Amino acid sequence: MKMLYHPDRKDIQLSSVLYALSDPVRLYVVSEIRDSGEQSCSSFNAGLAKSTMSHHLRTLRESGVVYTRAQGTQRLISLRTEDLEARFPGLLESVLQAYAASGPHTLPAGQPEQAE
């Protein structure tokens, strides 16, 4: 498996984080990780092609929002909560609270987000 790029904490840029969080699919993914913890790439039921989901996960990873680790043949995704909180205190929680308050959410594929 090839090494994946993850920016160092000091290199995480506000503009990159805001860009990554500006897409409904990526907000859905980040919200799911926050609510359920670390997840495999295939666990996100967004109704998108695998290549499209890979693009969204790469955008989140390269912006510094998530961390991807390999476990066998799986890739597990987790939030970089501590790094984001250190760089931009309160940002992630504020964005996720606003996202939750704006629901219900419909993903671009037309599938509504699962209600809990």
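A salt bridge here is a side-chain nitrogen of Lys or Arg within 4 Å of a carboxyl oxygen of Asp or Glu. By this rule the structure has eight salt bridges.

Before I go on, a note on the source. This is a predicted model, in which local features need pLDDT of at least 70 and side-chain atom pairs count only at pLDDT 80 or more, while totals for chains, interfaces and linings use all residues. Residues are numbered from 1 along each chain as its sequence is written, and side-chain values use heavy atoms, with hydrogens and water left out.

Back to the salt bridges. Asp-8, Lys-10 and Asp-11 are linked in a network. Asp-8 pairs with Lys-10, with the closest N and O atoms 4.0 Å apart, and Lys-10 meets Asp-11 at 3.3 Å, N to O. For accessibility, buried means under 20% relative accessible area, exposed over 50%, and partly exposed in between, with a 1.4 Å probe and protein chains only. Lys-10 is exposed at 59%, Asp-8 is partly exposed at 46%, and Asp-11 is partly exposed at 38%.

Which side chain does Asp-83 meet in a salt bridge? Its partner is Arg-9, at 2.7 Å, N to O. Asp-83 lies in helix 4 (residues 81-87) and Arg-9 in the segment before helix 1, so the pair ties together parts that are 74 residues apart in sequence. Asp-83 is buried at 17%, and Arg-9 is partly exposed at 37%.

Next, helix 3. Helices are DSSP runs of H or I with at least four residues, strands are runs of E with at least two, and both are numbered from the N terminus. Helix 3 covers residues 50-63 and reaches 20 Å from its first C-alpha to its last. Its buried residues include Met-53, His-56 and Leu-60, and they pack against helix 1, helix 2, strand 2 and strand 3. Thr-59, also in helix 3, is buried at 13%. Contact means heavy atoms within 4.5 Å. Leaving out residues up to four places away in sequence, Thr-59 touches Tyr-19, Ala-20 and Arg-26. Just after the helix, Gly-64 takes a positive phi of about 95°.

Last, the core. A nonpolar core is a set of buried Ala, Val, Leu, Ile, Met, Phe, Trp, Tyr and Cys residues joined through side-chain atoms within 4.5 Å. The largest one has 25 residues, and Val-17, Val-29, Val-30 and Val-65 touch the most other members. Helix 2 gives the most to this core, six residues. Beyond its neighbours within four places in sequence, Val-65 has contacts that include Val-17, Val-30 and Leu-84.

How values were computed
The expected span of a helix is 1.5 Å times one less than its number of residues.
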